[in-house]
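The structure is shown first.

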Amino acid sequence: MKTPHTALATAALLALSFTSAQAASWRTCEGAALKWNGNRADMFISTTSFPANSTWDSAMQNAMWHWNNVKGAGFNFFVGRDTDGSSSPDNGRNEIYFNASQTGTALAVTRTRYHCYWLFGWQRGIDETDIAFNTSLGWNTSAVNYANLGSPFHFESVALHELGHALGLLHSDGVMATMNSFYPNGGSLGQFKEIDPLPDDRLGVRSLYPDGTTETDIAGSAFRRTGSGTSGLVSSPASAARGSTISIGVSVANLGTSTRSFNIGFYLSGDSFISTGDRLLGTNTGASVSSGGVLTFTRSLTIPSNVAPGTYTLGFIVDNNGAVAEANEGNNGQSMPRTITIF
Ligand SMILES: [Zn+2]
């Protein structure tokens, strides 16, 4: 005879470095995944912490939408308002709020209540999840700043991570993932710095809530997995002489549901935006990444000797010849996380 029980588990997002190796994972109950039985969760955003229609509220709703938008997965967050200024881990409402006393030194904590017991068959499922953000820390709701990956912390990035816990995912360390335990998790995608679940995260939500739909999307990133298990910026030179050969770090994420092959063009731009109209420095043909994967490599490039001295942006465009029809064509261009001064 099994003893009926419910459990309350806590997951904290830290701002430290750590070593471990793991990929997308979730709790199980007698061999089956612990998840929301209705493939949905109604999330009540505290209007005391995050006023309705504020930048905080928008960032939180954007993060929910990005999880909902993952194809191959049928899970959906729905937005509610929590206007009473209080919260409880066992009131049957999924609440999102600022509370420094619940987080300790972590950036944020998601508490999940679930059940797993036998009663004429195994009864299992998530019952409630609450997300507390550490209000004693500095936060920002503007674009990711490559030059500062510490405080003030990027609210939407952390929101996307905590919502991953809320739908049932655990940490995924040792890979470039939103569900990495350590800020800045997997970072943003493309030169518009979109905060979107990364390939490993998408494998996770597709495993928990498969719906058979498909998507095609490959994206550039200025981040890479680092040896410490978290993510850091790709390398690129801050300066170079005309005619010299330099090398840059490249990451390409396959957000889609199947393996993709594509070309990559490398460019030098006179402004901060990489486009196919910029000076082409080289092309890689036939790169390939499987679903759930991130391709990371270093590319050598020669700075043309006839470029005028000045400050430029190096970068690349995934599928620069437009051969792959993608769900999101806006995340293909990726600038290096720093400018280059050519002399
Ligand atoms: Zn976490």
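The sections below describe selected helices and their surroundings.

## Basis

This is a predicted model, in which local features need pLDDT of at least 70 and side-chain atom pairs count only at pLDDT 80 or more, while totals for chains, interfaces and linings use all residues. Residues are numbered from 1 along each chain as its sequence is written, and side-chain values use heavy atoms, with hydrogens and water left out.

## Helix 1

Helices (DSSP runs of H or I, at least four residues) and strands (E, at least two) are numbered from the N terminus.

Asp57, Ala59, Met60, Ala63, Met64, His66 and Trp67 of helix 1 are buried, that is, under 20% relative accessible area with a 1.4 Å probe, protein chains only. Among the elements covering them are strand 4 (40-46), strand 8 (122-133) and helix 3 (155-166).

## Packing of helix 1 on helix 3

The axes of helix 1 and helix 3 (lines fitted to C-alpha atoms over the stretch in contact, with angles from 0 to 180 degrees between N-to-C directions) are 9 Å apart, at an angle of about 45 degrees.

Contact means heavy atoms within 4.5 Å. On helix 1 the contact residues include Trp56 and Asn62; on helix 3 they include Phe155 and Leu160.

## Helix 4

Eight of the 10 residues of helix 4 are buried, so this helix is largely enclosed by the rest of the structure. Arg202 and Arg206 are among the buried residues. Their cover includes helix 1 and strand 15 (245-254).

Note on methods. Buried means under 20% relative accessible area, exposed over 50%, partly exposed in between (1.4 Å probe, protein chains only).
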